[in-house]
Amino acid sequence: MKLSVNLPDKAYDLLIEKGKLETVGNWVSSLWEKQKIVIITDDTVNELYGKKVEESIKNEGFEVFTFSIKPGEKSKSLESAEKIYHFLAEVGMTRKDGIIILGGGVVGDLGGFVASTYMRGLHFLQIPTTLLAQVDSSIGGKTAVNTKIAKNLVGTFAQPDGVLIDPNTLLTLENRRIKEGLAEVVKSAAIADLKLWELLETIPNEHEALNFSEEIIYACCNVKRRVVEEDEKDVGIRLILNFGHTIGHAVEQTKGYGVVTHGEAVSIGMCQITKQAEKLGTMPNGILEKLTQMLEKFHLPTSLESWDEASLYEALTHDKKTRGNKIRIILLETIGQAKIETIDLEKMKDYLKQ
């Protein structure tokens with residue numbers, strides 16, 4: 001399967017094909033002239049796929065180096081970026097050389113940020129290996145690192161030269177990672193794809209979802225492609241992709257990065273804002289029940305113990321959707337259709353009540 005992302009200043013393809021990682025070198029050679037390449041990955045992915053990917057690319061005549069970080073959200077930091085900058089300088093990377101990002105969402109965000117800022121920008125490719133990265137974070141050009149103040153606070157918009165998605169990499173994921181990826185799948189269906197929602201309704205649990213991996217990934221990528229083509233810089237319709245994320249990011253930060261995974265936090269965020277929106281009359285009744293049933297079927301959390309409204313509110317005041325004393329929130333008109341509303345930041349306290 002192939003999807004093309006066509007933007008004013010850049011066009012690139014997303015390839016979705018089982019087993020494609022076996023011939024990754026051919027794919028890279030079809031896109032780039034011979035050059036120096038640094039693969040950015042994490043220790044877990046490196047052990048599984050690093051040598052295979054590096055050798056495949058070397059066999060096509062590229063000079064290849066690998067830099068591996070510790071897995072987990074804590075590595076998505078300016079400190080990690082600086083370590084990679086030093087490595088790139090040590091191996092002599094120039095602006096004609098490229099970076100390949102191999103891994104999940106943390107590696108994808110961090111690697112994209114490094115590629116877009118080292119020497120004011122190197123070209124790069126994305127090879128996402130988790131469901132979360134395959135359906136969301138590897139597409140659209142958002143890069144970022146976390147700070148102590150907020151998640152994804154420092155970042156850039158930088159589009160890759162291509163994205164290679166091999167659903168077979170999902171077979172090596174632990175169950176928790178499959179489930180957190182499904183949170184983003186449910187989000188994509190809820191905001192913009194009723195047919196995907198109907199497919200998900202037929203799937204009994206997260207294990208069976210892998211039998212539909214190509215279809216699910218394609219549908220989610222197509223949702224994101226459509227909104228990114230219309231709104232590359234996240235100032236309009238692309239904001240719908242953040243359904244559940246404003247509260248979700250606050251949950252991640254207040255609980256400590258990695259304690260609650262990104263997908264788990266998004267699941268909680270979607271349910272929290274929907275619950276309160278139904279109470280406030282800003283969303284139709286009945287959506288929360290459908291959303292909760294879907295998420296619980298995939299064994300995702302729909303609420304959080306030790307809910308601290310004050311801490312969560314303080315965290316979300318740094319959200320990138322905040323403009324002055326206003327913030328834009330994402331709600332649902334119905335399953336398959338989202339809307340953007342601008343409210344007073346103070347009003348967010350109503351959406352944080354339990």
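I started with the second largest pocket, whose lining has two nonpolar, three polar and five charged residues. For these classes I count Ala, Val, Leu, Ile, Met, Phe, Trp, Tyr, Cys and Pro as nonpolar, Asp, Glu, Lys and Arg as charged, and the others, Gly among them, as polar. I listed the lining: Glu73, Lys74, Lys76, Ser77, Leu78, Glu79, Asn146, Thr147, Lys148 and Tyr257. I read a volume of about 180 Å³ for this pocket.

I note that this is a predicted model, in which local features need pLDDT of at least 70 and side-chain atom pairs count only at pLDDT 80 or more, while totals for chains, interfaces and linings use all residues. Residues are numbered from 1 along each chain as its sequence is written, and side-chain values use heavy atoms, with hydrogens and water left out.

On a 1 Å grid over the protein atoms alone, a cavity is a set of points where a 1.4 Å probe fits but cannot get out, and a pocket is an open set with protein on both sides within 12 Å along at least five of seven lines; lining residues have an atom within 4 Å of a point. Points are joined across faces, edges and corners, and a volume is the space filled by probe spheres set on them.

Next, cavities. I found four of 30 Å³ or more. The largest cavity holds about 90 Å³ of space. Eleven residues line the largest cavity, and Ala150, Lys151, His249, Ala315 and Asp319 lie nearest its centre. Helices α10 (245–255) and α13 (309–316) are the elements that give two or more residues to this lining. I noted that α10 gives the largest share, four residues. By class, the lining of the largest cavity has four nonpolar, four polar and three charged residues.

The second largest cavity has a volume of about 50 Å³. Its lining includes Gly112, Phe124, Gln126, Lys142 and Pro160. Strands β6 (123–128) and β7 (142–145) each give two or more residues to it. I read four nonpolar, seven polar and one charged residue in this lining.

Last, a helix pair. Helices α6 (175–192) and α7 (194–202) pack at about 135°, with axes 7 Å apart. The contact (heavy atoms within 4.5 Å) is made by Val185, Val186, Ser188, Ala189, Ala190 and Ala192 of α6 with Leu194, Leu196, Trp197 and Leu200 of α7. I sorted these residues into nine nonpolar, one polar and no charged.

Terms used. Axes are lines fitted to C-alpha atoms, for helices over the stretch in contact, and angles run from 0 to 180 degrees between N-to-C directions.
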